[in-house]
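Have the sequence and the structure open side by side.

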Amino acid sequence: VELGLASRTVPADDLRAAGNRHHRRRAIDDDLTDCEGLFQPSPWRSRYNRRTRQWDDTTGAYAGTMRLTQTRLTPEVVAHESTHAALHIWRLHQWAQDGRAPDADFGDSCGPTEEAFAYLLGGIASEVANIVHRVRS
């Protein structure tokens, strides 16, 4: 997994302000008062193709924005926000494959689907941890 993330963190008030701006543009009503980490997914996009009479996926490669604060740059917050990012990327992939936005149902035992998701999450968390290390150095 390769992430295009800025190698910096922001104060909590800046994170909340940026998160609120993002939410207002998308008419999302979430309270970010106590927020200390945030993953804001990019929207799914599609366009109706009159020639083929089907919907074409026009979602870009950009999955979303992960916002982390200077005061709560902990493994717990990094893992939490990385999970949100991984689930969004997983759903985008499934949507592209099946034409639907599925639930993240991995079944009742550790099979190939869960293993693939674990690799995706591990890659994201690893990249974010590398960025955190560079920011703190």
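Let's start with the charges. A search through the whole structure, which is a predicted model, turns up one salt bridge. The two partners are Arg 16 and Asp 13, whose side chains meet with an N to O distance of 3.2 Å. Side chains of opposite charge can pair when their charged atoms come close. Where do Arg 16 and Asp 13 sit relative to each other? Both belong to helix α1, and because they are three residues apart there, about one helical turn separates them.

The two ends of this pair have their own surroundings. Arg 16 counts as buried, at 17% relative accessibility, since the cut-off for buried is under 20%. Asp 13, on the other hand, is exposed, with a relative accessible area of 56%.

Helix α1 covers residues 12-25, and Arg 25 lies in it. Is Arg 25 buried or exposed? With a relative accessible area of 60%, Arg 25 is exposed. Arg 25 also takes part in a patch of positive charge on the surface, where it gathers with Arg 21, Arg 24, Arg 26 and Arg 45.

Now for the wider layout. The protein chain has three helices and four strands, and from the N terminus on they run α-β-β-β-β-α-α. Of its 137 residues, 34% count as buried.

Strand β1, residues 37-41, has four of its five residues buried, so the rest of the structure largely encloses it. Which way does β1 pair with strand β4, parallel or antiparallel? The pairing of β1 with β4 (residues 64-68) is antiparallel and runs over five bridges. For one of the contacts, look at Pro 41: its bridge partner in β4 is Gly 64.

Over in helix α3, which spans residues 112-136, you'll find Ser 126. At 38% relative accessibility, Ser 126 counts as partly exposed.

| Residue | Relative accessible area | Class |
|---|---|---|
| Asp 13 | 56% | exposed |
| Arg 16 | 17% | buried |
| Arg 25 | 60% | exposed |
| Ser 126 | 38% | partly exposed |

To come back to helix α1: Arg 25 in that helix is part of the positive patch, while Arg 16 is paired with Asp 13 in the salt bridge.

Technical notes
Residues are numbered from 1 along each chain as its sequence is written. This is a predicted model: local features need pLDDT of at least 70, side-chain atom pairs count only at pLDDT 80 or more; totals for chains, interfaces and linings use all residues. Side-chain values use heavy atoms; hydrogens and water are left out. Buried means under 20% relative accessible area, exposed over 50%, partly exposed in between (1.4 Å probe, protein chains only). Helices (H or I, at least four residues) and strands (E, at least two) are DSSP runs, numbered from the N terminus. Two strands pair if DSSP finds at least two bridges between them. Patches are made of residues with over 30% relative accessible area and no salt bridge: like charges are joined within 9 Å, nonpolar side chains (Val, Leu, Ile, Met, Phe, Trp, Tyr) within 5 Å. Accessible areas come from the Shrake-Rupley method with a 1.4 Å probe; for residues, only the protein chains shown count as cover. A salt bridge is a side-chain nitrogen of Lys or Arg within 4 Å of a carboxyl oxygen of Asp or Glu. Lys and Arg count as positive and Asp and Glu as negative; His and the chain ends are not counted. The place of a charge is taken as NZ of Lys, CZ of Arg, CG of Asp or CD of Glu.
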